[in-house]
Amino acid sequence: MQKYVLKKSVVNHNKTLDPEFGKDLNPSQREAVFFGKGPLLVIAGAGSGKTKTLVHRVAYLVNQGLDPKSILLLTFTRKASAEMTRRAIDLLDARCSNVSGGTFHSFANIILRRYGKLIGYPDNFIIMDRGDSEDLISMIRKEKGLAKTDKRFPKKGTIADILGKAVNRSSTIENTIIKECPQFLDYKDEICEIQKAYANRKKEMGLMDYDDLLVNLLELLKNKEEVRNKLNNYYQYILVDEYQDTNMIQAEIVKFLAGKDENVMVVGDDSQSIYSFRGANFKNIVDFPKIFPKATIVTLEENYRSAQPILDLTNAVIDGAREKYSKNLFTKRSGNIKPLYVETKDDNEQSQFICQKILDLREEGQTLNKIAVLFRSAWHSNDLEIQLKSADIPFVKYGGIKFVEAAHIKDVVAYLKIALNPADALGWQRVLNLWEGVGPKTASDIFELILQNRNNLTLLNLDKYKSKAFYPALKKLLAFIFINKSQSKPTKIVETALRLYKPYFEEKYDNFNKRKADIDSLITISERFKDLESFLSELALEPPDTTQIDSVAETEDEEKMTLSTIHSAKGLEWHTVFIISAVDGFLPSFQSLGDMEQIEEERRLLYVALTRAKENLFIIKPNMANKKASYMYPGMQFSKLTRFLDEKSLIDNYTEKLILVNDEEDEFSFDNALPEPNFGGRKYVF
DNA sequence: TATAGCCGATTTTTT
DNA sequence: ATCGGCTATA
């Protein structure tokens, strides 16, 4: 295990806070930033300078002479954490780079590597991603013969959902089934059985899923006093961002971390809670003063992001919400351009409109990285992506399928996992199944053999397989497993794994040349890590998104526009925002329609999307009645505007309607007949 | 008994 | 593109 040595940091004590520090904050922000000791709840509306306030708070605390490491800043993504640290450094000095921070999960990972032994985990445990969990569940389901009993037995993904929600909502399996999918209530005993087997197998194999990271951290804090005391002494101030998206387990973790001093500041906006499907509970905000009765509450209501007409619409949308902390955003920013609303005949026309508009904006001198297109589900942008490519407009897409979820990356990672932790049955299954003549049965036989002898390689008797074609491969694989992990750099291990994988890789995928680029990226990423364990943890906790992969591949950082799911757009802002597929059934998603709470969450989702825009906001509603989704779900029309904008005629009152006129000549020529790009214009004819 | 291969159905959001 | 189920084959 890597040893960390405390280095005396060279701190420039000459540089003190700018006398102007805090002058540009409004009174509420100032109250939060200069707050003394004790619990503090900051209710921060969209665009109200939430990040700015947190960053100033960090700088203020560090400048008070506090050891930066003793400040723990828990954020929703690692990106957010890095961004805040960077801004704090700008504001004060390099001391801020030592602030402790990360996501709840990455923090749990660090603590559990060190203290996990106390609750029976090896320090080389492997973090399972969602796919790994499903694979293990599927394996158990097959072993128990549950797959065959009845066609209607839930699929692995559904079971994973049920188990995960039960944990994250601190509820029972039975209640979760009743709430989520009552049609499977008959199988509650079987699902409980799977749950037990799943928990046992994970422990045997040294695996933790995302939920285990939180649950086990909480267990340490709750039941291991020495750990709790250590952490309480170490972390003097706890700051939590996006508190509305924490679940009950996380709230308890915060409670224990705060300790007796209760120096804990949480920041959140109940109107932006969009992760309840993951067990997040925005009532955590309401309950904060119950957990910390001494809590001070500060509300930030002034919006610095959006022009007034945009804000008028967003306020109106969230006004329809059933439950919320009452707050009303206002801005001093002028602006007379109303959000623009466009109806198109289908998604193809929607894409054409966007391409055209973006070319206009570029003409005007607007840079592409100030433009974003937002949507409910990753696949909603499929058509747009094709058209952007053919129009030669560069973009990056956030959300949807991730790099590490691709089959070929999972293959390579499986090699690495079994090298780090030979007890990992899932990794073995995946690797052994690559071989001709090996299916699930043979793979698990081989795995059993290895497991029994893994402490003494010389006892391993492989004679059984001597006649098989895969025998030499098996020999080579075992040699790979027992290489010295602590001495080899991750990149070396990846390269060794790739030598073993290559023949199967080229056999398995027709388009292996295209996939090769991903493999190269994996090598590049591995170079950042000093050991295999941290590399694999990072892949599970902060999977690289397409941007990082692209920037590895391309040296030039060309300007690109952003396509993003609304979830992934959280916390960001753009000059111009297009919200596409504002169709009832798309947003809200038809999957959410059965449940009032879920529909309310969809409303908040739209609210988050709308509040990303600073100056220009486009809302586009294609008619999707004749598209694929509609024959899959016969009851749905997919032709009406989203209910959240339809109610009380919000569209009529708060937006300007653009009329698209089909130019008869050839299919669609946009180049002629376009009026001067002018967002105040009444009509948009093409 | 185990595997390979084919076909058809399905696609919310994410640490 | 991927998953799960079915069938032919060794």
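How many aromatic pairs does the structure hold? In this predicted model, the number of aromatic pairs is 22. One of them is formed by Tyr-275 and Phe-277, a tilted pair with 5.6 Å centre to centre and 35° between the planes. Tyr-275 is buried, at a relative accessible area of 9%, whereas Phe-277 is partly exposed, at 45%. In another pair, the ring centres of Tyr-415 and Phe-480 lie 6.3 Å apart with the planes at 70°, so the arrangement is edge-to-face. This pair links distant parts of the chain, since Tyr-415 belongs to helix 17 (residues 407-420) and Phe-480 to helix 20 (residues 471-481), 65 residues apart. Tyr-415 and Phe-480 are both buried.

Arg-113 is placed over the face of Phe-125, 3.8 Å from the ring centre, and Lys-255 over the face of Phe-256, 5.1 Å from the ring centre.

An open sheet is formed by seven strands with parallel pairing, in the order 11-12-10-13-14-9-15. Strand 11 (395-398) and strand 15 (656-658) are the edge strands, each pairing on one side only. On average, neighbouring strands of the sheet are turned by 20° against each other, direction ignored. Five bridges connect strand 9 (residues 340-344) with strand 14 (residues 613-622) in the parallel sense, and Val-342 stands opposite Ile-620 of strand 14. Helix 25 (residues 596-610) packs on the sheet, touching strand 10 (371-375), strand 13 (574-579) and strand 14. The direction of helix 25 makes about 130° with that of strand 14.

Helix 23 (residues 532-541) is largely enclosed by the rest of the structure, because nine of its 10 residues are buried. Among them are Glu-533, Phe-535 and Glu-538.

Conventions
Residues numbered from 1 in each chain as written. Chains lettered and ligands numbered in written order. Predicted model: local features only at pLDDT ≥ 70, side-chain atom pairs only at ≥ 80, totals over all residues. Heavy atoms only, no water. Pairing = 2+ DSSP bridges. Helix = DSSP H or I, 4+ residues; strand = E, 2+ residues; numbered from the N terminus. Axes fitted to C-alpha atoms, helices over the stretch in contact; angles between N-to-C directions. Contact = heavy atoms within 4.5 Å. Buried < 20%, exposed > 50% of the residue type's maximum accessible area, 1.4 Å probe, protein only. Phe/Tyr/Trp six-rings, centres within 6.5 Å; stacked < 30°, edge-to-face > 60°. Lys NZ or Arg CZ within 6 Å of the ring centre and 35° of its normal.
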